[in-house]
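This report covers a protein chain and its ligand site. Please have the sequence and the model in view.

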Amino acid sequence: MMAPVVTVTRRLPQAVEARLSAEFDARLSADDTPFAADRLIAAMRDSDAVLGTVTDRFDATVLAAGGRRRAGIVANFAVGVNNIDLDTARAEGVVVTNTPGVLTDATADVALTLILNVTRRVPESEALLRQGRWQGFSPTLLLGSALQGKVLGIIGMGRIGKAVARRAALGFGMKVIYYNRSPVADAGVEAAARGSIDAVMAEADVISLHLPGGAGNARLISAQRIGLMKPTAYLINTARGDVVDEPALIEALRTRRIAGAGLDVFAAEPQVPHALLDLPNVALLPHIGSATVETRTAMGMLAVDNIAAHFGAQDYPSRVV
Ligand code: DGY
């Protein structure tokens with residue numbers, strides 16, 4: 001029997017590419033450039049499976065593209081699936097899988113990295129030193145804000161939200177409050193639920209977002225909600241850029257309506273608004289929440305497990321649609 005054709009849109013860790021080549025007729029990415037719509041359509045038409053990621057827009061046109069083969073599965077190399085039109089996938093009978101669980105700790109680590117960076121003014125401090133402006137120790141130089149005893153507000157208490165709560169409470173002595181759409185049976189650490197996003201926005205000293213992106217949550221953190229934040233509070237986003245009203249956030253940062261922000265994700269990646277690049281009170285990262293060798297390898301292996309399950313008629317480890 002011929003091995004199924006699997007098109008892979010981006011370079012993946014070496015062990016994952018080796019496994020793909022051993023188990024399938026794998027069409028690996030040669031240059032790691034994101035697939036534009038025409039390449040995605042061709043991939044759907046000429047493959048049995050497509051292993052894609054957040055830089056690939058599987059919209060209705062791509063998913064409905066019929067052809068010689070017509071891929072029966074899109075295995076997304078990400079936990080988030082906001083790059084895929086799930087309704088069309090469902091209607092077209094295309095299976096969609098994702099990579100939950102394996103990236104929880106890595107992403108929570110980056111949320112804490114951003115919290116520490118922005119509250120301790122690391123970007124400003126490093127810039128001062130690198131630009132040769134440091135004139136030696138001073139008792140009042142670059143004073144930040146302590147975490148001990150402060151309130152961390154988690155919006156979206158799923159796996160990653162809980163992992164952030166655990167680190168913040170046990171490692172840094174923060175008090176945790178959270179909002180989650182549905183009741184949370186076990187937060188894993190002492191944490192108090194609040195009845196609304198607004199309540200968390202108004203009470204927390206640091207707010208960390210852990211919500212899925214996509215139309216349902218677009219600009220959920222609106223100008224009005226940003227307006228509820230304390231002037232001393234920080235906003236951390238390792239989820240998706242589109243859940244925040246980015247222009248409103250920039251305005252709040254620019255006018256010091258809030259103290260700062262730590263961002264790993266942006267509304268129109270890879271574009272980062274210029275205004276953000278010029279602000280001193282932000283820590284900015286290029287969507288590296290899950291970027292460790294171990295995690296990216298585990299994500300790749302889970303995506304391949306899903307593809308193998310598809311062709312082996314087994315249960316999918318993590319099916320979305
Ligand atoms: C995800 O998994 O959704 C991340 O954004 C990429 O790791």
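How many nonpolar, polar and charged residues does the shell around the ligand have? The model is a predicted one. By class, the shell has four nonpolar residues, three polar residues and no charged residues. The residues around the ligand are Val54, Ala78, Val79, Gly80, Leu103, Gly289 and Ser290.

Now the chain as a whole. It holds 12 helices and 12 strands. Its radius of gyration is 21 Å, close to the 20 Å from the globule rule for 321 residues, so the chain is as compact as a globular protein of that length. The C-alpha trace spans about 70 × 50 × 30 Å along its principal axes. Of the 321 residues, 41% count as buried. Take the contacts between residues at least 6 apart in sequence: 63% of them join residues at least 24 apart.

Helix H7 covers residues 159–172, which is 14 residues. From first C-alpha to last, H7 reaches 19 Å, close to the 20 Å expected at 1.5 Å a residue. Just after H7, Gly173 takes a positive phi of about 65°.

Which residues of H7 are buried? They are Ile160, Gly161, Lys162, Ala163, Val164, Ala165 and Ala168. A lysine, Lys162, is among them.

Key:
Residues are numbered from 1 along each chain as its sequence is written. This is a predicted model: local features need pLDDT of at least 70, side-chain atom pairs count only at pLDDT 80 or more; totals for chains, interfaces and linings use all residues. Helices (H or I, at least four residues) and strands (E, at least two) are DSSP runs, numbered from the N terminus. The expected span of a helix is 1.5 Å times one less than its number of residues. A residue is buried if 20 or more other C-beta atoms lie within 10 Å of its own, exposed if 12 or fewer, and partly exposed in between; C-beta atoms are placed from the backbone. A residue is near a molecule or strand if its C-beta atom, placed from the backbone, lies within 6 Å of it. Ala, Val, Leu, Ile, Met, Phe, Trp, Tyr, Cys and Pro count as nonpolar, Asp, Glu, Lys and Arg as charged, and the others, Gly among them, as polar. The radius of gyration is taken over C-alpha atoms; the globule rule is 2.2 Å times the number of residues to the power 0.38. Two residues are in contact if their C-beta atoms, placed from the backbone, lie within 7 Å.
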